[in-house]
Amino acid sequence: MFELYGSGDPVTLKLVICLEELSLPYRFNSLDLQKLEHWAPAHRALAPQGAVPVLVDGTRVMDDAAIALLYLADSHPEANLLPAGPADHYAVQASIDVLDAALLASVNLIGWHRQQPAEARAAFTAALNAVPGRQTAAGWSAVWRDAESDRLQRAAEKLDGGVARIEAALGRGPWLVGGGPTAADISAFALVETLPALLPDSIDPGSTPRTWAWLERMRARPAVRRALTSAARGGAPRYAPPQ
């Protein structure tokens, strides 16, 4: 049985969806990121820099979600979540890398800002800065350095660029890579599934019809429905705080 340590954040959702798609048994170990449980000694024994999520397969500990996602897909080729051909295989990995860079930090930044009042954000930052041995994550520090309004504006612009990439990719077919859903679709869906509610102007049937239809196709998948209602999402904040 796999052990998954995570929260209700978008990156954890990627692995939950993949585990459900592959019908793999797993136990979800919920971490309260607001209480800095991912910086507690027990979790740091798995991920010294507080990475979330962490996937454990026997003695193998994976604290890089993108690698863990590809590990799951590659370990079960019968599900076709990672195409066998080198060109499509590369395209899946490239899609994950590009969309993570365009969307992940911005989704979390805007979502964290919306779900937490200013006082709670300030208290969390003070507690985070007091964590011993912590290294600042470059992606977060880059979007949190500027004035608040500038940060949010830059994040919204990056989100628009990421969604535009998805819309363009779906112009070639109903899925991001190849003729069926792959790890690329799982990864991107987990990042943008809350955007219609979080930023209604970013994805809608009129301006991004292909992305809207793709979201509906993804949500209709039984594994995705299970993932969205699993313990990984129950009551947990939908967005990760800064690391």
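Tutor: A residue is called buried when its relative accessible area is under 20%, exposed when it is over 50%, and partly exposed in between, for a 1.4 Å probe and with protein chains only. By that rule L33, at 7% relative accessibility, counts as buried.

The model is a predicted one: local features need pLDDT of at least 70, side-chain atom pairs count only at pLDDT 80 or more, and totals for chains, interfaces and linings use all residues. Residues are numbered from 1 along each chain as its sequence is written, and side-chain values use heavy atoms, with hydrogens and water left out.

The secondary structure comes next. Helices (H or I, at least four residues) and strands (E, at least two) are DSSP runs, numbered from the N terminus. On this basis the protein has eleven helices and four strands. Two strands are said to pair if DSSP finds at least two bridges between them.

With strand β2, residues 26-30, β1 pairs in the parallel sense over five bridges. Between β1 and β2 the chain runs through helix α1, residues 10-21, and this β-α-β crossover is right-handed. The term right-handed applies if, with the strands pointing away from the viewer, the path from the first strand over the helix to the second runs clockwise.

Most residues other than glycine have a negative phi, and most peptide bonds are trans. In the loop between α1 and β2 sits S23, whose phi is positive, near 55 degrees, although S23 is not a glycine. S23 is exposed, at a relative accessible area of 61%. The bond from V52 to P53 is a cis peptide, with omega near 0 degrees, and P53 belongs to the loop between α2 (41-44) and β3. Further along, in the loop between α3 (65-75) and α4, N80 has a positive phi of about 60 degrees without being a glycine. N80 is exposed as well, at 53% relative accessibility.

L33 lies in the loop that runs from β2 to α2. From L33 to A118 the separation is 85 residues in sequence and 17 Å in space, C-alpha to C-alpha.

Turning to the helices, α8 (residues 183-192) has ten of its ten residues buried, so α8 is largely enclosed by the rest of the structure. Among the buried residues of α8 are D185, S187 and F189. In helix α7, A155 has 1% relative accessibility and therefore counts as buried. A155 and A105 are separated by 50 residues in sequence, yet their C-alpha atoms are 7.8 Å apart.

On a 1 Å grid over the protein atoms alone, a cavity is a set of points where a 1.4 Å probe fits but cannot get out, and a pocket is an open set with protein on both sides within 12 Å along at least five of seven lines; lining residues have an atom within 4 Å of a point. Grid points are joined across faces, edges and corners, and a volume is the space filled by probe spheres set on the points. The volume of the second largest pocket is about 240 Å³. Its lining includes A91, S95, V98, R165, R172 and G178. Two or more lining residues come from each of α4 (86-115) and α7 (148-169), and α4 gives the largest share, five residues. By class, eight lining residues are nonpolar, two polar and two charged. Ala, Val, Leu, Ile, Met, Phe, Trp, Tyr, Cys and Pro count as nonpolar, Asp, Glu, Lys and Arg as charged, and the others, Gly among them, as polar.

For the whole chain, the C-alpha atoms fill a box of roughly 50 × 45 × 30 Å along the principal axes. A compact globule of 243 residues would have a radius of gyration near 18 Å, and the 17 Å of the protein agrees with this. That radius is taken over C-alpha atoms, and the globule rule is 2.2 Å times the number of residues to the power 0.38. Of the 243 residues, 50% are buried.
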